[in-house]
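Visitor: I am new to this structure. Please show me how to read it, feature by feature.

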Amino acid sequence: MKKWIIRTALILLAMAVILPPGVVFAHAGFYRSKIYPGVKIANIDVGGLTAKAAEARLRARIIAPEEFTLTYGEDDWNIPFAELQPQLRADRSATEALSLGRGGGLLDDVKLRYTLWNEGATIPISWSMKAANSRPAVEKAGLAINRPAVDAKLLIDGVNIRLEPGQSGRITDATATIERVRQALLMNEATAVVAVKEWQPEQTTKALKALRIETLIAEFTTTLNPALNNRRHNIALATRKINDSYVNPGDIFSFNQLVGTRTSTNGFRTAPVISGGNLVPGIGGGICQVATTLYNAALKSGLPIMERSLHSNYISSYPAGRDATVVDGIIDLKFQNDTGGHLLLRGEVRAQDVLFRIYGPKTGRQVSFSDAVTFNYTGFSTKVTTDTALPVGSRVKDQSGVSGRTVTVTRTVRKGDKVLIDETTTSRYLPRQELLRVGPAPKPPDPTTDTTNTVSE
């Protein structure tokens, strides 16, 4: 406060020395309706002019540019100035110029008039723009800027993995751009940067990289009988429900949770299932093959198996002791993702096999299996029933018999010299009865009929 008082006093003292007090008041009176000397509008001297005269001078000397340039990045667009439809408001600028040195109080006005006389002042030319008039030209230029957001993608072709970067979306902010144009015109410039609104895609490149889907960890296939249509349908449906699913770090994968309830409402069909040691029709038959295929892929990935149940009977088409069964809401297949990154599960039903691949971070794990050891064989029994609808003496095998047995297999997971998992799985399979249907026995010959061959002499 003291500095301001001292400075003002010095200014007044200087004016008093330079100009007698009477001259100061005479100066104010002379420019009562005129702009004080030293004032310029857009570098055009308007000192000593009335507001009307200043307005006329501005309109005579200010020539609008033929084009206005909008820029964004390395691109620019030259727009005919007339298309922006700006309105020169010389009256506003003249009125603002006239107001300098007036209405601020005696000391402030004297101080400002002295500054104008000593240093001068320049005010911008005023322009007005109506958004409705200027918007079409701005939006036309923005067509080359606007673009949708594009998700980042993992492009996987078997063992090859490539990350396709995402792209942010953007759209021209016409209202903000028009204001930038107006501000540029105030500075007597004919260039402005287009205002743009940007947004990120749902799946960003950064987020996808953070998943650490870096390599194919393991894969496994099981053979498929293409003739069993309902079974194949169920296998394909369950595989689709698992395909492209992620397992987060530390999470436990649940087969039943992902595949859901096996009902006809959910699209599953009737196909053979093992129940009570026999093959019987059941909804969802065949999806245990999906569980077995995925189970073996998880084993080969070196993942901890949290829950696995064997079939009641031995199935020779699967690796010995490495099958897995599931029962809706009762028996599940579970394994844990302990890799530190995300796991991506890919499943596919092909012409004659079922394939599962597990992708994830490079774990450096080596997985090995011992040879399966089979013992405690138990023979199967055979049940024979007569079917009078069959031809005499014919035999039909409805169910093959399978011997019971116990199988052990050891899985070892190493990382360098460290053993992460060393587990032996024991699977005890029950025998499965063989079911035969036979036709009726041939009728014995009639004892009253002479069947002796005779030779005539």
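Visitor: In which sense do strand 13 and strand 21 pair, and over how many bridges?

Guide: Start with the general idea. Strands of a sheet pair through backbone hydrogen bonds, either parallel or antiparallel. Two strands count as paired if DSSP finds at least two bridges between them. Helices (H or I, at least four residues) and strands (E, at least two) are DSSP runs, numbered from the N terminus. Here, strand 13 and strand 21 (residues 353–360) pair in the antiparallel sense, over 8 bridges. One place to look is E219, which stands opposite R357 in strand 21.

Guide: A word on the source. This is a predicted model, where local features need pLDDT of at least 70 and side-chain atom pairs count only at pLDDT 80 or more, while totals for chains, interfaces and linings use all residues. Residues are numbered from 1 along each chain as its sequence is written, and side-chain values use heavy atoms, with hydrogens and water left out.

Visitor: What is the order of the strands in the open sheet?

Guide: The order is 13-21-20-14, and the pairing is antiparallel. Strand 13 (215–223) and strand 14 (245–247) are at the edges. Each has a single partner strand, so one side of each lacks a neighbour in the sheet. On average, neighbouring strands are turned by 20° against each other, direction ignored.

Visitor: Which strands of the sheet does helix 10 touch?

Guide: Contact means heavy atoms within 4.5 Å. Axes are lines fitted to C-alpha atoms, for helices over the stretch in contact, and angles run from 0 to 180 degrees between N-to-C directions. Helix 10 (residues 229–242) packs on the sheet and touches strand 14, strand 20 (343–349) and strand 21. Its direction makes about 160° with that of strand 20. Helix 12 (residues 287–300) also packs on the sheet, touching strand 13 and strand 21. The direction of helix 12 makes about 145° with that of strand 13.

Visitor: At what angle do helix 10 and helix 12 pack?

Guide: First, the classes. Angles under 35 degrees count as roughly parallel, over 145 as roughly antiparallel, 65 to 115 as roughly perpendicular and the rest as oblique. Helix 10 and helix 12 pack at about 45°, with their axes 8 Å apart. They are therefore oblique to each other. Their crossing is right-handed. A crossing is right-handed if the near helix is turned clockwise from the far one by less than a right angle, and left-handed if anticlockwise. Residues in the contact include I235 and A238 of helix 10, and V290 and L294 of helix 12.

Visitor: How do helix 3 and helix 5 cross?

Guide: Their axes come within 8 Å and cross at roughly 135°. That makes helix 3 oblique to helix 5. This crossing is right-handed. Among the contact residues are A54 and L58 of helix 3, with A94 and L98 of helix 5.

Visitor: Which residues touch the most other members of the largest nonpolar core?

Guide: A nonpolar core is a set of buried Ala, Val, Leu, Ile, Met, Phe, Trp, Tyr and Cys residues joined through side-chain atoms within 4.5 Å. Buried means under 20% relative accessible area, exposed over 50%, partly exposed in between (1.4 Å probe, protein chains only). The largest core has 40 residues, and V46, F68, L70, L84, I125 and V181 touch the most other members. Elements that give two or more residues include strand 3 (67–72), helix 7 (131–142) and helix 8 (174–186). Helix 8 gives the largest share, 5 residues. A second, separate core of 30 residues includes L224, F255, Y295 and A297.

Visitor: At what angle do helix 7 and helix 8 pack?

Guide: The angle is about 100°, with the axes 9 Å apart. That makes helix 7 roughly perpendicular to helix 8. S134 and V138 of helix 7 are among the contact residues, as are T177 and I178 of helix 8.

Visitor: Is S134 buried or exposed?

Guide: S134 is buried, at a relative accessible area of 0%. Beyond its neighbours within four places in sequence, S134 is in contact with E83, L84, M129 and I178.

Visitor: Is K206 buried or exposed?

Guide: K206 is exposed, with a relative accessible area of 71%. K206 lies in helix 9 (residues 205–210).
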